Amino acid sequence: MATPPGVSPADFETALAQFADVVGAEWVFTDDDTMDTYRDAYSPLRGEPDEKRASAAVAPATVEQVQAIVRIASRYSIPLYTISTGRNLAYGGSAPVYSGSVVLDLKRMNQIIEVNEDLAYALVEPGVSYFDLYRHIRERGLRLWIDCADPGWGSLIGNALERGAGRTPLPYRDHFGAHCGMEVVLANGDVVRTGMGALPNAGPNWQAFPYGAGPLADGLFAQSNFGIVTKMGFWLMPEPEASITGRIRARRHDDIIPLVRTLAHLSYLGIVNCLYTLNSPVFTSPMDAEKSALLDRPNGGSAEEWDRYAASLGTHFWETELRFYGPMNVMQAQWAHVKERLAGLEGIELEDGDVIRFPLTDDQIRRLGDPGSFGIPSLNVFSSQQGSTGHLDASPMLPHSGEALLEAHKVYLREYRDAGVPLSLGFAMSYHTRAFIMFQGVSLTLDPDENARARALYARLIEVSGERGWGIYRAHAAFMDELMATYSYNDHALMRLNETLKDALDPNGILSAGRYGIWPRHLRGARA
Amino acid sequence: MSAGRANSTAAFLSRLALAVLAPASLLGAAAVSADPASSADSAWSALPPERADVPGDPLERRGQEVFDQRCAACHGEIPDEIFGPRFLPPMPGTQALEARYRGELPAALEARTDLAPEHVAAVVREGLRSMPGFRPTEVSDDDLEALTAYLTRQRPSGD
């Protein structure tokens, strides 16, 4: 059995025995085989000496047990690392940032405390997955949708705290943005409720108004290590009458500029409210000598040169599909207005897409080709993983402008080409109202040399994104220091603030050391 | 805690060996006992598959439930026809095994008759390629035992 760094074997044994008194001996794990199940299945360091490994795991079932565990951990200076369902694959899974930590596994806290159909919200614990909440809603015949993360076994709370996003309209697909109210266990064992939840008699108002009064504390507990979130409320979308799509194709390289400008304003007006993915059949086509030569030009290739290249491939430059949700007459008016606004763009092609009406039958649900767009969890995203043993995701955030997208994509294309790695994903996705995510996937294998190259590319993507101001919003656990080092304005003032908060809220440094680059005082000297 | 717990794969397999020799009714009673980590409320599929073939043996029956809850969203039957827009193909586990075996073995796990108990247990706990392993807080030892019994059950030839 491994012992956490800096903890004596005797103290560790005592703490583990006290954990067992709290949760039951069967929910404290130290044997090698079980601890192997806490390894990060998609670790870029798999099997290498630096792989992040936990020493033990403890799995409480109640908030009172969480309180008792943090008090014991504080007494014996045991580093804890909190996971909810532990399915944060590509970002660290169920393994800690700081090797030797004891995983605080909240999977057993799987109570759906309330789903309120009239006020359209759910209040859940960290172990509740999208599948769990979906089944709960269906079994009760409630006409509510969940905005799901792509892998449906993920935790609503875990994904929201990582600021994940889904595929239905805003505000729901921004998972942190659509939460309302938290319960948090602090490092001293105290329990805090945020927003209206601080009113002893808040009732459903906890999930109605996020702010309450005074500073809004919720943001402190996302992508951090200042507390352990044990409950969160989420707004849910009432099931719409139907959904339709409209397809858009633009011919030339520079068409993206007026196209995105128009779609951005339509988004800010609320007329376009979907996640839309901008694809470029030209940029995502296989690398060849002509494309490589274009990228080597000082400007990354002019619009005319790229247009000639697109013509040689015989394809249009851009394509996307808009999805609308609601009553048919409202959606048809929205799409008609989009078509009107885009009609002036030369060479634009606009086409009516699918019509789906709700509720779906069980048979339709079983055969759905895109469940996530209709609030239904699945694991279909793993179809994109065929032949790999895992991946890393770099996810730069870009302003909602065609110029920024063009510049960024050429920069990333060049990085992938220089690393000898094919660019495998699409272009840009409008998960958030005013920013695009330009996902950059990096495949992992079981070969340490290939993984070393993958790590080098991933680190380079973080660095380049930071330098250009296209900060990455979320990173794998092995790269959190590198990520946060890019947010360096005024001599890392943001990290200095985070460290001040860490010292105040977790003076013994027992909670999730190293998460998002925030280390307790006694480990700061050791960080990369 | 580790010293007294029988939660390792090796310990699980030794219990499995015992299970093969013990009366099925006793095993069934043990396997369906309350387990907060794998309650019926916790599942990894949107809808359970439609079942015409519920096993008579209680342990295998529980194993089928575990399969429906924990495995079917990846390892179920690929639908003949997709409804609505396509994003990513369904049943990634079945797709992966189809690509791997190319018709030499069935791609759907429930159609396999060659699975060894040790293999099922090892893949669930350790994972395989892009499939991650699963912790005892997700799939309990009891549920893994039932799942293994279900996927390795004796069937009449031609089944």
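How many residues does helix α14 of chain A have, and how far does α14(A) reach from its first C-alpha to its last? Helix α14 (residues 489-505) of chain A has 17 residues and reaches 24 Å, which is close to the 24 Å expected at 1.5 Å a residue, the expected span being 1.5 Å times one less than the number of residues. Helices here are DSSP runs of H or I with at least four residues, strands are runs of E with at least two, and both are numbered from the N terminus.

Before I go on, please keep in mind that this is a predicted model, in which local features need pLDDT of at least 70 and side-chain atom pairs count only at pLDDT 80 or more, while totals for chains, interfaces and linings use all residues. Residues are numbered from 1 along each chain as its sequence is written, and chains are lettered from A and ligands numbered from 1 in the order in which they are written.

Staying with α14(A), this helix bends by about 30 degrees at A:R496, where the bend is the angle between axes fitted to the seven residues ending there and the seven starting there. The helix also holds A:H492, a residue that is not a glycine and yet has a positive phi of about 60 degrees. Most residues other than glycine have a negative phi, and most peptide bonds are trans.

On the subject of peptide bonds, a cis bond with omega of about 5 degrees joins A:L170 and A:P171, and A:P171 lies in the loop between α5 (156-161) and β8 (179-185) of chain A. Another cis bond runs from A:F358 to A:P359, with omega near 5 degrees, and A:P359 sits in the loop between β15 (349-357) and α10 (362-366) of chain A.

Let me turn to helix packing. In chain A, the axes of α11 (residues 402-419) and α12 (residues 448-468) come within 11 Å and cross at roughly 155 degrees, the axes being lines fitted to C-alpha atoms over the stretch in contact, with angles from 0 to 180 degrees between N-to-C directions. The helices α11(A) and α12(A) are therefore roughly antiparallel to each other, a term for angles over 145 degrees.

In chain B, α3(B) and helix α6 (residues 141-151) pack at an angle of about 100 degrees with their axes 7 Å apart, and are therefore roughly perpendicular to each other, a term for angles of 65 to 115 degrees.

Finally, how do the chains meet? Here 46 residues of chain B are in contact with 58 residues of chain A, contact being counted if the C-beta atoms, placed from the backbone, lie within 7 Å. The elements giving two or more residues to that side of chain B are α1 (9-21), α3 (58-75), α4 (92-101) and α5 (117-126) of chain B, and α4(B) gives the most, with four residues.

Terms used. Two residues are in contact if their C-beta atoms, placed from the backbone, lie within 7 Å. Angles under 35 degrees count as roughly parallel, over 145 as roughly antiparallel, 65 to 115 as roughly perpendicular and the rest as oblique.
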